[in-house]
Amino acid sequence: MMAAEKLARSSKPLLATGFRIRRFNAALETDGPVSATLLATCLEKVLGVESVIATDMGFERVLQKGLQAADVKHSRVIGLPADSELSRRVFTNFVEEESPDLSVAIERPAANKLNVYHNAVGEDVSSLHAPLDKLLEWLRWNKVPLVAFGDGGNEVGMGLVMDAVQKHVEYGGVCRCGCGGGIASNTGCDVLVVSSFSDLGVYGTMALMQESMLDLAIDKLGDVMKVLVDAGCVDARKGLGYLGVDGLSLEGIKSIVHLLRSVSRSDAQLL
Ligand SMILES: [Zn+2]
């Protein structure tokens, strides 16, 4: 509910997403880009709020295609390089020009306490990712709140529950890359939403905002996912070309969003 309130109040949200998968040629996984695109779509078309999606440099076009598939006209995408100094410069210029008032991280990798980024199987993926975790943390120090959606413990925001990740998540405390720090994220947030995969937390949050957002999300979900998968996004479990997220098919995800819409329509007490 706090995530929904913060999103509903924002007039300049920055959506950070994109987790690259080493074993699939370092392509972006579908979890993150799909819901970030749909969230930007709903914010623009339902609330009239333009967002900027931040991702790794080289993948701007992928996300732009997703926005085009949803017929989004004004929200846009920026790409950040993996080099930390260059990334910081691009990002500070962007912040000076745009002054975002809310950061939203959706399935975005974060470094552990030793500054090493890991995937879910404990491997080092630092060289693949821009340091958006650090940049969002810097924004947070500058009073821009951060809402984060994660699922595995190695994402932006999950630093809030670092002890639990180290204790209960595989490779949470001990990774396989040799750094000795485990995969547990060192980046906290103001509001953390944890779900079985990150996109579902975004849809749940949208259900708490406006019912018409889920109508639109259901309408656009198939087109957006198809375009993103055609552009190279990959389901982390099923691999290239599969229309789904973390092994759950497009139809399965649609069913969950339908269910969320039914709950939001009913008089059920959600809190
Ligand atoms: Zn490590």
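The following conversation concerns a predicted model of one protein.

Colleague: How many helices and strands are there in the protein?
Modeller: The predicted model has nine helices and ten strands.

Colleague: What percentage of the residues is buried?
Modeller: Buried residues are 51% of the 271. As for contacts with a separation of 6 or more, 73% of them are between residues 24 or more positions apart.

Colleague: Turning to the sheet, what is the order of its strands?
Modeller: The order is β5-β4-β1-β6-β7-β8 in an open sheet of six strands, with parallel pairing.

Colleague: Which strands stand at the edges?
Modeller: Those are β5 and β8 (191-194); each has a single partner strand, so one side of each is left without a neighbour in the sheet. From one strand to the next, the twist averages 20°.

Colleague: Which helix touches β1, β6, β7 and β8?
Modeller: Helix α1 (residues 2-9) packs on the sheet there, and its direction makes about 120° with that of β8. Helix α3 also packs on the sheet, touching β4 and β5, with its direction at about 165° to that of β5.

Colleague: What kind of unit do β4, α3 and β5 make?
Modeller: They make a right-handed β-α-β unit, in which helix α3 covers residues 60-69. Strands β4 (residues 52-56) and β5 (residues 76-80) run parallel and are joined by five bridges.

Colleague: Which residue in β5 stands opposite I53?
Modeller: That residue is V77. I53 is also the bridge partner of L15. Strand β1 (residues 13-17) pairs with β4 in the parallel sense over three bridges.

Colleague: A change of topic: what is the phi of N25?
Modeller: N25 has a positive phi of about 65°, although it is not a glycine. Most residues other than glycine have a negative phi.

Colleague: Where is N25, and is it buried or exposed?
Modeller: N25 is in the loop between β2 (20-21) and β3 (27-28). It counts as exposed because it has 10 C-beta neighbours inside 10 Å, and the cut-off for exposed is 12 or fewer.

Colleague: And D246, is it buried or exposed?
Modeller: D246 counts as buried, because it has 20 C-beta neighbours inside 10 Å, and the cut-off for buried is 20 or more. D246 lies in the loop between β9 (244-245) and β10 (248-249), and its phi is positive, near 50°.

Technical notes
Residues are numbered from 1 along each chain as its sequence is written. This is a predicted model: local features need pLDDT of at least 70, side-chain atom pairs count only at pLDDT 80 or more; totals for chains, interfaces and linings use all residues. Helices (H or I, at least four residues) and strands (E, at least two) are DSSP runs, numbered from the N terminus. Two residues are in contact if their C-beta atoms, placed from the backbone, lie within 7 Å. Two strands pair if DSSP finds at least two bridges between them. A crossover is right-handed if, with the strands pointing away from the viewer, the path from the first strand over the helix to the second runs clockwise. Axes are lines fitted to C-alpha atoms, for helices over the stretch in contact, and angles run from 0 to 180 degrees between N-to-C directions.
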